[in-house]
Amino acid sequence: MSIASSAEAPAVAATPSQPALKTARRLEHIAVSEILRIGAAAARLRAQGRDVIVLGAGEPDFDTPDFVKEAGIRAIREGQTKYTALDGTVALKQAIQRKFARENGLDFALEEITVGAGAKQVIHNTFMATLDEGDEVIMVAPYWTSYADMVRIADGVPVVVPGREALGLRLDPADLEQAITPRTRWLMLNSPSNPAGAAYGRDELRALADVLLRHPHVWLLSDDIYEHLLYDGREFVTMAQIEPRLKSRTLTVNGLSKAYAMTGWRLGYAAGPRELIAAIAVVQSQSTSNPSSISQVAGAAALDGPQDILEERRQAFQHRRDLVVDALNEIPGIRCRRPEGAFYTFASCEGVLGRRTPDGHVIESDVDFCRYLLEAHDVAVVPGSVFGLAPYFRISTATSEAQLVTAMRRLARGVAALQA
Ligand SMILES: Cc1ncc(COP(=O)(O)O)c(C=O)c1O
(Lines give C-alpha, C1' and ligand atoms only; values in the text may rest on other atoms or scores of the structure.)
Protein backbone atom coordinates (compact mmCIF):
# COMPACT_ATOMS: atom_id res chain seq x y z
CA MET A 1 0.00 0.00 0.00
CA SER A 2 1.33 3.41 -0.90
CA ILE A 3 0.55 6.03 1.70
CA ALA A 4 0.93 8.91 -0.72
CA SER A 5 -0.81 8.70 -4.07
CA SER A 6 1.17 11.11 -6.24
CA ALA A 7 2.81 14.52 -6.15
CA GLU A 8 -0.22 16.05 -7.89
CA ALA A 9 -2.97 14.37 -5.88
CA PRO A 10 -2.70 14.94 -2.13
CA ALA A 11 -2.94 11.76 -0.06
CA VAL A 12 -5.72 13.05 2.17
CA ALA A 13 -8.73 14.80 0.66
CA ALA A 14 -9.70 18.20 2.01
CA THR A 15 -12.93 18.66 3.97
CA PRO A 16 -14.29 22.03 5.11
CA SER A 17 -12.78 21.58 8.58
CA GLN A 18 -9.72 19.55 7.62
CA PRO A 19 -7.23 21.08 5.20
CA ALA A 20 -5.57 18.62 2.81
CA LEU A 21 -2.28 17.19 3.94
CA LYS A 22 0.38 17.27 1.28
CA THR A 23 2.91 14.62 2.12
CA ALA A 24 6.50 14.86 0.93
CA ARG A 25 7.41 13.29 -2.37
CA ARG A 26 9.92 11.09 -0.55
CA LEU A 27 7.03 9.20 1.01
CA GLU A 28 5.72 8.06 -2.35
CA HIS A 29 6.03 4.32 -2.84
CA ILE A 30 6.95 3.74 0.78
CA ALA A 31 4.93 0.87 2.10
CA VAL A 32 3.12 0.96 5.40
CA SER A 33 4.36 -2.23 6.97
CA GLU A 34 2.30 -5.25 5.89
CA ILE A 35 3.47 -6.88 9.10
CA LEU A 36 1.76 -4.16 11.13
CA ARG A 37 -1.36 -4.50 8.95
CA ILE A 38 -1.49 -8.23 9.61
CA GLY A 39 -0.98 -7.59 13.32
CA ALA A 40 -3.90 -5.15 13.30
CA ALA A 41 -6.13 -7.65 11.44
CA ALA A 42 -5.19 -10.33 14.00
CA ALA A 43 -6.01 -7.93 16.86
CA ARG A 44 -9.44 -7.23 15.32
CA LEU A 45 -10.19 -10.97 15.16
CA ARG A 46 -9.02 -11.40 18.74
CA ALA A 47 -11.33 -8.59 19.83
CA GLN A 48 -14.16 -10.68 18.31
CA GLY A 49 -13.16 -13.48 20.67
CA ARG A 50 -11.11 -15.58 18.25
CA ASP A 51 -7.99 -17.34 19.47
CA VAL A 52 -5.57 -16.06 16.83
CA ILE A 53 -1.92 -17.17 16.97
CA VAL A 54 0.33 -14.42 15.66
CA LEU A 55 3.59 -15.66 14.14
CA GLY A 56 4.56 -12.30 12.72
CA ALA A 57 6.67 -10.69 15.42
CA GLY A 58 10.37 -10.03 14.95
CA GLU A 59 11.12 -9.95 18.65
CA PRO A 60 12.12 -12.67 21.09
CA ASP A 61 9.36 -13.84 23.42
CA PHE A 62 12.00 -14.09 26.18
CA ASP A 63 12.42 -11.31 28.70
CA THR A 64 15.35 -8.91 29.08
CA PRO A 65 17.77 -10.63 31.51
CA ASP A 66 17.29 -9.56 35.15
CA PHE A 67 20.85 -8.30 35.60
CA VAL A 68 20.35 -6.00 32.63
CA LYS A 69 17.06 -4.67 34.03
CA GLU A 70 18.76 -4.07 37.37
CA ALA A 71 21.51 -2.06 35.68
CA GLY A 72 18.83 0.13 34.08
CA ILE A 73 17.06 0.63 37.40
CA ARG A 74 20.34 1.55 39.10
CA ALA A 75 21.05 4.05 36.32
CA ILE A 76 17.77 5.82 37.05
CA ARG A 77 18.38 5.81 40.81
CA GLU A 78 21.90 7.17 40.35
CA GLY A 79 20.61 10.00 38.20
CA GLN A 80 22.04 8.89 34.86
CA THR A 81 19.03 10.48 33.26
CA LYS A 82 20.54 13.39 31.35
CA TYR A 83 21.77 13.93 27.80
CA THR A 84 24.85 11.87 27.05
CA ALA A 85 27.53 12.14 24.41
CA LEU A 86 25.75 12.33 21.06
CA ASP A 87 26.56 8.89 19.68
CA GLY A 88 27.10 6.92 22.87
CA THR A 89 28.83 7.19 26.24
CA VAL A 90 32.48 6.30 26.53
CA ALA A 91 31.52 3.50 28.95
CA LEU A 92 29.18 1.89 26.41
CA LYS A 93 31.59 2.38 23.52
CA GLN A 94 34.27 0.65 25.57
CA ALA A 95 31.92 -2.28 26.20
CA ILE A 96 31.24 -2.43 22.44
CA GLN A 97 34.96 -2.26 21.76
CA ARG A 98 35.45 -5.26 24.08
CA LYS A 99 32.59 -7.14 22.40
CA PHE A 100 34.10 -6.72 18.92
CA ALA A 101 37.54 -7.82 20.15
CA ARG A 102 36.19 -10.78 22.14
CA GLU A 103 33.62 -12.14 19.72
CA ASN A 104 34.78 -11.03 16.29
CA GLY A 105 38.52 -10.49 16.61
CA LEU A 106 38.04 -6.89 15.46
CA ASP A 107 39.79 -3.83 16.91
CA PHE A 108 38.08 -0.48 16.72
CA ALA A 109 38.98 2.90 18.23
CA LEU A 110 36.19 4.67 20.15
CA GLU A 111 35.90 7.16 17.26
CA GLU A 112 35.10 4.24 14.99
CA ILE A 113 32.01 3.29 17.01
CA THR A 114 28.54 4.83 16.93
CA VAL A 115 25.48 4.08 19.06
CA GLY A 116 21.89 4.81 18.07
CA ALA A 117 18.32 4.07 19.10
CA GLY A 118 18.36 0.61 17.55
CA ALA A 119 20.28 -0.89 14.64
CA LYS A 120 17.47 0.53 12.54
CA GLN A 121 18.39 4.10 13.39
CA VAL A 122 22.04 3.41 12.70
CA ILE A 123 21.20 2.04 9.22
CA HIS A 124 18.83 4.93 8.51
CA ASN A 125 21.50 7.44 9.59
CA THR A 126 24.03 5.72 7.35
CA PHE A 127 21.86 6.10 4.27
CA MET A 128 20.94 9.70 5.12
CA ALA A 129 24.63 10.45 5.54
CA THR A 130 25.88 8.78 2.36
CA LEU A 131 23.22 8.57 -0.36
CA ASP A 132 22.47 11.18 -2.97
CA GLU A 133 19.45 11.01 -5.25
CA GLY A 134 19.70 7.96 -7.51
CA ASP A 135 22.50 6.25 -5.61
CA GLU A 136 22.02 2.50 -5.57
CA VAL A 137 22.00 0.03 -2.69
CA ILE A 138 22.14 -3.68 -3.47
CA MET A 139 20.12 -6.00 -1.26
CA VAL A 140 19.45 -9.73 -1.50
CA ALA A 141 15.84 -10.94 -1.71
CA PRO A 142 14.29 -11.96 0.54
CA TYR A 143 15.47 -8.91 2.50
CA TRP A 144 14.35 -7.19 5.70
CA THR A 145 11.58 -4.92 4.39
CA SER A 146 12.95 -1.81 6.09
CA TYR A 147 16.13 -1.84 3.99
CA ALA A 148 14.30 -0.86 0.82
CA ASP A 149 12.18 1.83 2.45
CA MET A 150 15.11 3.31 4.34
CA VAL A 151 17.01 3.58 1.05
CA ARG A 152 14.02 5.27 -0.61
CA ILE A 153 13.55 7.76 2.23
CA ALA A 154 17.17 8.78 1.69
CA ASP A 155 16.41 9.30 -2.06
CA GLY A 156 18.38 6.19 -3.00
CA VAL A 157 17.36 3.30 -5.22
CA PRO A 158 17.10 -0.25 -3.84
CA VAL A 159 18.58 -2.76 -6.30
CA VAL A 160 17.12 -6.14 -5.44
CA VAL A 161 19.07 -9.27 -6.36
CA PRO A 162 17.21 -12.51 -5.66
CA GLY A 163 19.08 -15.02 -3.53
CA ARG A 164 19.54 -18.35 -5.32
CA GLU A 165 17.40 -21.26 -4.14
CA ALA A 166 20.27 -23.60 -4.97
CA LEU A 167 22.52 -21.54 -2.66
CA GLY A 168 20.04 -21.55 0.21
CA LEU A 169 18.68 -18.14 -0.82
CA ARG A 170 22.14 -16.60 -0.54
CA LEU A 171 23.69 -14.11 -2.92
CA ASP A 172 25.57 -15.60 -5.87
CA PRO A 173 28.86 -13.68 -6.31
CA ALA A 174 28.26 -13.61 -10.10
CA ASP A 175 24.87 -11.95 -9.52
CA LEU A 176 26.56 -9.37 -7.30
CA GLU A 177 29.12 -8.61 -10.00
CA GLN A 178 26.28 -8.13 -12.52
CA ALA A 179 24.31 -5.81 -10.24
CA ILE A 180 27.16 -3.37 -9.54
CA THR A 181 27.04 -0.11 -11.51
CA PRO A 182 28.94 3.17 -11.17
CA ARG A 183 26.02 4.37 -8.98
CA THR A 184 26.32 1.49 -6.48
CA ARG A 185 27.16 2.81 -3.02
CA TRP A 186 26.37 -0.08 -0.69
CA LEU A 187 25.88 -3.82 -0.58
CA MET A 188 23.67 -4.91 2.33
CA LEU A 189 24.55 -8.27 3.80
CA ASN A 190 22.50 -9.73 6.64
CA SER A 191 23.77 -12.99 8.09
CA PRO A 192 22.00 -14.91 9.46
CA SER A 193 19.18 -13.20 7.66
CA ASN A 194 15.69 -12.02 8.28
CA PRO A 195 13.53 -13.58 6.84
CA ALA A 196 15.33 -16.56 5.23
CA GLY A 197 17.65 -17.47 8.11
CA ALA A 198 20.41 -17.78 5.50
CA ALA A 199 23.91 -17.52 6.92
CA TYR A 200 27.17 -16.89 5.07
CA GLY A 201 30.17 -18.97 6.08
CA ARG A 202 33.84 -18.17 5.49
CA ASP A 203 33.94 -19.45 1.92
CA GLU A 204 30.80 -17.62 0.88
CA LEU A 205 32.06 -14.34 2.35
CA ARG A 206 35.45 -14.90 0.72
CA ALA A 207 33.81 -15.21 -2.72
CA LEU A 208 31.77 -12.02 -2.18
CA ALA A 209 34.88 -10.22 -0.89
CA ASP A 210 36.69 -11.06 -4.13
CA VAL A 211 33.94 -9.29 -6.08
CA LEU A 212 33.95 -6.26 -3.77
CA LEU A 213 37.74 -5.95 -4.01
CA ARG A 214 37.31 -5.47 -7.76
CA HIS A 215 34.90 -2.55 -7.14
CA PRO A 216 36.51 -0.13 -4.69
CA HIS A 217 33.61 2.36 -4.87
CA VAL A 218 31.18 -0.14 -3.28
CA TRP A 219 30.89 -0.16 0.51
CA LEU A 220 29.53 -2.99 2.61
CA LEU A 221 26.93 -2.76 5.35
CA SER A 222 27.10 -5.97 7.34
CA ASP A 223 23.97 -6.32 9.49
CA ASP A 224 25.00 -8.81 12.17
CA ILE A 225 22.00 -8.38 14.46
CA TYR A 226 21.21 -12.14 14.52
CA GLU A 227 24.85 -13.06 15.20
CA HIS A 228 24.05 -15.13 18.30
CA LEU A 229 21.33 -17.19 16.65
CA LEU A 230 23.25 -19.64 14.51
CA TYR A 231 22.43 -23.35 14.56
CA ASP A 232 24.00 -26.79 14.13
CA GLY A 233 27.39 -25.70 15.41
CA ARG A 234 27.94 -23.06 12.72
CA GLU A 235 30.58 -20.45 13.43
CA PHE A 236 29.65 -16.78 13.07
CA VAL A 237 31.88 -14.78 10.74
CA THR A 238 31.66 -11.21 9.53
CA MET A 239 33.27 -9.54 6.53
CA ALA A 240 35.60 -7.07 8.31
CA GLN A 241 37.17 -10.07 10.01
CA ILE A 242 37.39 -12.27 6.90
CA GLU A 243 38.86 -9.64 4.60
CA PRO A 244 40.82 -6.90 6.42
CA ARG A 245 41.28 -5.06 3.10
CA LEU A 246 37.54 -4.34 3.14
CA LYS A 247 37.50 -3.06 6.73
CA SER A 248 38.09 0.54 5.61
CA ARG A 249 34.80 0.46 3.65
CA THR A 250 32.69 -1.78 5.84
CA LEU A 251 30.16 -0.74 8.46
CA THR A 252 29.51 -3.59 10.88
CA VAL A 253 26.08 -3.10 12.46
CA ASN A 254 24.78 -4.91 15.51
CA GLY A 255 22.36 -4.35 18.36
CA LEU A 256 20.95 -5.48 21.67
CA SER A 257 17.37 -6.16 20.53
CA LYS A 258 17.57 -9.76 19.40
CA ALA A 259 20.44 -11.26 21.42
CA TYR A 260 19.44 -9.78 24.78
CA ALA A 261 15.69 -9.45 24.18
CA MET A 262 15.94 -5.66 24.51
CA THR A 263 13.73 -4.53 21.62
CA GLY A 264 11.98 -1.87 23.70
CA TRP A 265 15.18 -0.34 25.08
CA ARG A 266 16.10 0.85 21.57
CA LEU A 267 19.81 0.36 21.39
CA GLY A 268 21.96 -0.51 18.39
CA TYR A 269 25.52 0.20 17.35
CA ALA A 270 27.99 0.02 14.50
CA ALA A 271 31.70 0.23 13.86
CA GLY A 272 33.49 1.43 10.76
CA PRO A 273 35.81 4.10 9.35
CA ARG A 274 35.85 7.26 11.49
CA GLU A 275 34.81 9.61 8.65
CA LEU A 276 31.64 7.57 8.19
CA ILE A 277 31.01 7.42 11.94
CA ALA A 278 31.38 11.22 12.10
CA ALA A 279 28.91 11.68 9.21
CA ILE A 280 26.40 9.40 10.96
CA ALA A 281 26.75 11.55 14.09
CA VAL A 282 25.81 14.66 12.09
CA VAL A 283 22.51 13.05 11.06
CA GLN A 284 21.80 11.80 14.58
CA SER A 285 22.62 15.22 16.07
CA GLN A 286 19.71 16.74 14.15
CA SER A 287 17.18 13.98 14.83
CA THR A 288 17.15 12.14 18.16
CA SER A 289 20.52 13.14 19.66
CA ASN A 290 21.77 10.45 22.03
CA PRO A 291 20.01 7.13 22.57
CA SER A 292 18.39 6.78 26.03
CA SER A 293 20.96 7.26 28.80
CA ILE A 294 19.33 4.48 30.84
CA SER A 295 19.38 2.02 27.94
CA GLN A 296 23.04 2.74 27.39
CA VAL A 297 23.90 1.74 30.96
CA ALA A 298 21.80 -1.42 30.61
CA GLY A 299 23.38 -2.15 27.22
CA ALA A 300 26.90 -1.98 28.63
CA ALA A 301 25.84 -4.37 31.42
CA ALA A 302 24.43 -6.78 28.82
CA LEU A 303 27.60 -6.78 26.71
CA ASP A 304 29.95 -7.11 29.68
CA GLY A 305 27.79 -9.47 31.76
CA PRO A 306 27.43 -13.27 31.81
CA GLN A 307 26.73 -14.52 28.30
CA ASP A 308 25.41 -18.02 29.11
CA ILE A 309 21.85 -16.86 28.56
CA LEU A 310 22.63 -16.49 24.84
CA GLU A 311 23.42 -20.19 24.51
CA GLU A 312 20.30 -21.26 26.43
CA ARG A 313 18.09 -19.18 24.20
CA ARG A 314 19.90 -20.24 21.05
CA GLN A 315 19.17 -23.85 21.89
CA ALA A 316 15.50 -23.10 22.49
CA PHE A 317 15.26 -21.34 19.11
CA GLN A 318 17.01 -24.22 17.35
CA HIS A 319 14.56 -26.67 18.83
CA ARG A 320 11.62 -24.57 17.69
CA ARG A 321 13.11 -24.23 14.22
CA ASP A 322 13.27 -28.02 13.89
CA LEU A 323 9.75 -28.43 15.16
CA VAL A 324 8.36 -25.92 12.65
CA VAL A 325 10.45 -27.02 9.64
CA ASP A 326 9.60 -30.69 10.18
CA ALA A 327 5.90 -29.92 10.56
CA LEU A 328 5.84 -27.70 7.46
CA ASN A 329 7.58 -30.27 5.27
CA GLU A 330 4.92 -32.82 6.23
CA ILE A 331 2.24 -30.64 4.61
CA PRO A 332 1.64 -31.44 0.92
CA GLY A 333 2.18 -28.27 -1.12
CA ILE A 334 4.48 -26.59 1.42
CA ARG A 335 8.25 -26.73 1.14
CA CYS A 336 10.69 -25.31 3.65
CA ARG A 337 14.48 -25.26 3.86
CA ARG A 338 16.07 -25.54 7.27
CA PRO A 339 17.37 -22.08 8.12
CA GLU A 340 20.90 -21.80 9.44
CA GLY A 341 20.04 -19.05 11.87
CA ALA A 342 17.75 -16.24 13.15
CA PHE A 343 14.25 -17.01 14.45
CA TYR A 344 12.25 -17.28 11.25
CA THR A 345 11.35 -19.98 8.79
CA PHE A 346 10.68 -19.00 5.21
CA ALA A 347 8.58 -21.57 3.39
CA SER A 348 7.40 -21.84 -0.20
CA CYS A 349 3.65 -22.07 -0.76
CA GLU A 350 3.98 -22.50 -4.53
CA GLY A 351 2.35 -25.93 -4.25
CA VAL A 352 -0.95 -24.52 -2.98
CA LEU A 353 -1.36 -21.82 -5.63
CA GLY A 354 -4.39 -22.41 -7.83
CA ARG A 355 -6.23 -24.37 -5.13
CA ARG A 356 -9.67 -23.27 -3.96
CA THR A 357 -10.77 -22.39 -0.42
CA PRO A 358 -13.98 -24.02 0.90
CA ASP A 359 -15.86 -20.78 0.15
CA GLY A 360 -14.70 -20.80 -3.45
CA HIS A 361 -11.78 -18.34 -3.54
CA VAL A 362 -8.75 -19.31 -5.59
CA ILE A 363 -5.38 -18.91 -3.82
CA GLU A 364 -3.46 -16.93 -6.40
CA SER A 365 -0.56 -15.60 -4.34
CA ASP A 366 1.23 -15.83 -1.03
CA VAL A 367 -0.81 -12.82 0.10
CA ASP A 368 -4.05 -14.76 -0.60
CA PHE A 369 -2.68 -17.77 1.26
CA CYS A 370 -1.74 -15.74 4.34
CA ARG A 371 -5.12 -13.98 4.36
CA TYR A 372 -6.88 -17.36 4.17
CA LEU A 373 -4.81 -18.77 7.04
CA LEU A 374 -5.65 -15.78 9.19
CA GLU A 375 -9.31 -15.44 8.34
CA ALA A 376 -10.26 -19.13 8.23
CA HIS A 377 -7.70 -20.78 10.53
CA ASP A 378 -6.60 -18.13 13.05
CA VAL A 379 -2.89 -18.17 12.22
CA ALA A 380 -1.13 -14.93 11.28
CA VAL A 381 1.98 -15.31 9.10
CA VAL A 382 3.63 -12.85 6.70
CA PRO A 383 3.70 -13.23 2.90
CA GLY A 384 7.13 -13.51 1.28
CA SER A 385 6.27 -10.77 -1.21
CA VAL A 386 6.66 -8.31 1.69
CA PHE A 387 10.34 -9.33 1.72
CA GLY A 388 10.72 -9.17 -2.05
CA LEU A 389 10.33 -12.90 -2.80
CA ALA A 390 7.11 -14.74 -3.68
CA PRO A 391 5.38 -17.15 -3.27
CA TYR A 392 6.68 -17.72 0.24
CA PHE A 393 5.56 -17.01 3.78
CA ARG A 394 7.52 -16.22 6.91
CA ILE A 395 6.86 -17.75 10.29
CA SER A 396 8.47 -16.21 13.35
CA THR A 397 9.48 -18.87 15.86
CA ALA A 398 9.81 -16.28 18.60
CA THR A 399 6.83 -17.73 20.39
CA SER A 400 6.22 -20.63 22.76
CA GLU A 401 6.55 -24.22 21.60
CA ALA A 402 2.96 -24.95 22.61
CA GLN A 403 1.70 -22.13 20.39
CA LEU A 404 3.89 -23.28 17.52
CA VAL A 405 2.55 -26.84 17.76
CA THR A 406 -1.04 -25.60 17.68
CA ALA A 407 -0.25 -23.22 14.81
CA MET A 408 1.30 -26.03 12.74
CA ARG A 409 -1.80 -28.17 13.28
CA ARG A 410 -4.03 -25.34 12.11
CA LEU A 411 -1.84 -24.73 9.08
CA ALA A 412 -1.97 -28.40 8.10
CA ARG A 413 -5.77 -28.39 8.51
CA GLY A 414 -6.00 -25.19 6.45
CA VAL A 415 -4.01 -26.64 3.55
CA ALA A 416 -5.92 -29.94 3.70
CA ALA A 417 -9.18 -28.01 3.35
CA LEU A 418 -8.07 -26.49 0.01
CA GLN A 419 -9.42 -28.16 -3.13
CA ALA A 420 -7.33 -28.78 -6.23
C1 LIG B 1 17.69 -7.70 9.83
C2 LIG B 1 17.38 -6.70 10.89
N3 LIG B 1 18.22 -5.67 11.08
C4 LIG B 1 17.98 -4.74 12.00
C5 LIG B 1 16.84 -4.80 12.78
C6 LIG B 1 16.61 -3.66 13.75
O7 LIG B 1 16.68 -3.95 15.06
P8 LIG B 1 16.70 -2.82 16.17
O9 LIG B 1 16.41 -1.51 15.51
O10 LIG B 1 15.65 -3.20 17.14
O11 LIG B 1 18.10 -2.84 16.74
C12 LIG B 1 15.92 -5.85 12.62
C13 LIG B 1 14.68 -5.91 13.40
O14 LIG B 1 13.73 -6.59 13.09
C15 LIG B 1 16.21 -6.83 11.64
O16 LIG B 1 15.39 -7.87 11.44
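Analyst: Let's start with a cut-off: a residue is buried under 20% relative accessible area, exposed over 50%, and partly exposed in between. The model we are looking at is predicted.

User: Thanks! Why is lysine 69 called partly exposed?

Analyst: Its relative accessible area is 26%.

User: How do you know that the side chains of aspartate 66 and lysine 69 meet in a salt bridge?

Analyst: The distance from N to O is 3.9 Å, and a salt bridge needs a Lys or Arg side-chain nitrogen within 4 Å of a carboxyl oxygen of Asp or Glu. The pair therefore meets the criterion. Both residues lie in helix H2, three residues apart, which is about one turn of the helix. Elsewhere, salt bridges with shared partners join Asp232, Arg234, Arg321, Asp322, Asp326 and Arg338 into one network.

User: How many salt bridges does the structure hold?

Analyst: There are 32 salt bridges in the structure. One of them is between arginine 410 and aspartate 51, whose closest N and O atoms are 2.7 Å apart.

User: What makes the pair of arginine 410 and aspartate 51 tie together parts of the chain?

Analyst: Arginine 410 is in helix H13, while aspartate 51 is in the loop between helix H1 (34-47) and strand S1 (53-54), so the pair ties together parts that are 359 residues apart in sequence. Arginine 410, at 10% relative accessibility, counts as buried, whereas aspartate 51, at 49%, is partly exposed.

User: Which parts of the chain are linked by arginine 320 and aspartate 61?

Analyst: These two form a salt bridge with closest N and O atoms 3.0 Å apart. Arginine 320 belongs to helix H11 and aspartate 61 to the loop between S1 and helix H2 (66-77), so distant parts of the chain, 259 residues apart, are linked. Arginine 320 is buried at 6% relative accessibility, and aspartate 61 is partly exposed at 36%.

User: What about arginine 355: which side chain of opposite charge is nearest?

Analyst: That is glutamate 350, at 12 Å. Arginine 355 lies in the loop between strand S10 (344-348) and helix H12 (366-377). Its contacts include Pro332, Gly333, His361, Val415 and Leu418.

User: Why is helix H5 described as largely enclosed by the rest of the structure?

Analyst: Seven of the nine residues of H5 (residues 145-153) are buried, so the helix is largely enclosed by the rest of the structure. The buried ones are Thr145, Ser146, Tyr147, Ala148, Asp149, Met150 and Val151. They pack against helix H4 (119-130) and strands S3 (136-141), S4 (157-162), S5 (184-190) and S6 (219-223).

User: What makes H3 roughly parallel to H10?

Analyst: Helix H3 (residues 90-104) packs against helix H10 (residues 293-304) at an angle of about 25°, with the axes 9 Å apart. Angles under 35 degrees count as roughly parallel, so that is what we call H3 and H10. The contact involves Leu92, Ala95, Ile96, Arg98, Lys99 and Arg102 of H3 with Gln296, Gly299, Ala300, Leu303 and Asp304 of H10.

User: And why is H12 called roughly perpendicular to H13?

Analyst: The axes of H12 and helix H13 (residues 401-416) cross at roughly 110° and come within 10 Å. Roughly perpendicular spans 65 to 115 degrees, so H12 and H13 fall in that class. Phe369, Tyr372, Leu373 and His377 in H12 meet Arg410, Leu411, Arg413, Gly414 and Val415 in H13.

User: Which peptide bond joins serine 191 and proline 192?

Analyst: A cis bond, with omega about -10°. The bond from asparagine 194 to proline 195 is cis as well, with omega near 15°. Most peptide bonds are trans.

Note on methods:
Residues are numbered from 1 along each chain as its sequence is written. This is a predicted model: local features need pLDDT of at least 70, side-chain atom pairs count only at pLDDT 80 or more; totals for chains, interfaces and linings use all residues. Side-chain values use heavy atoms; hydrogens and water are left out. Buried means under 20% relative accessible area, exposed over 50%, partly exposed in between (1.4 Å probe, protein chains only). Helices (H or I, at least four residues) and strands (E, at least two) are DSSP runs, numbered from the N terminus. Contact means heavy atoms within 4.5 Å. Lys and Arg count as positive and Asp and Glu as negative; His and the chain ends are not counted. Axes are lines fitted to C-alpha atoms, for helices over the stretch in contact, and angles run from 0 to 180 degrees between N-to-C directions. Angles under 35 degrees count as roughly parallel, over 145 as roughly antiparallel, 65 to 115 as roughly perpendicular and the rest as oblique. Lists of a residue's contacts leave out its neighbours within four places in sequence.
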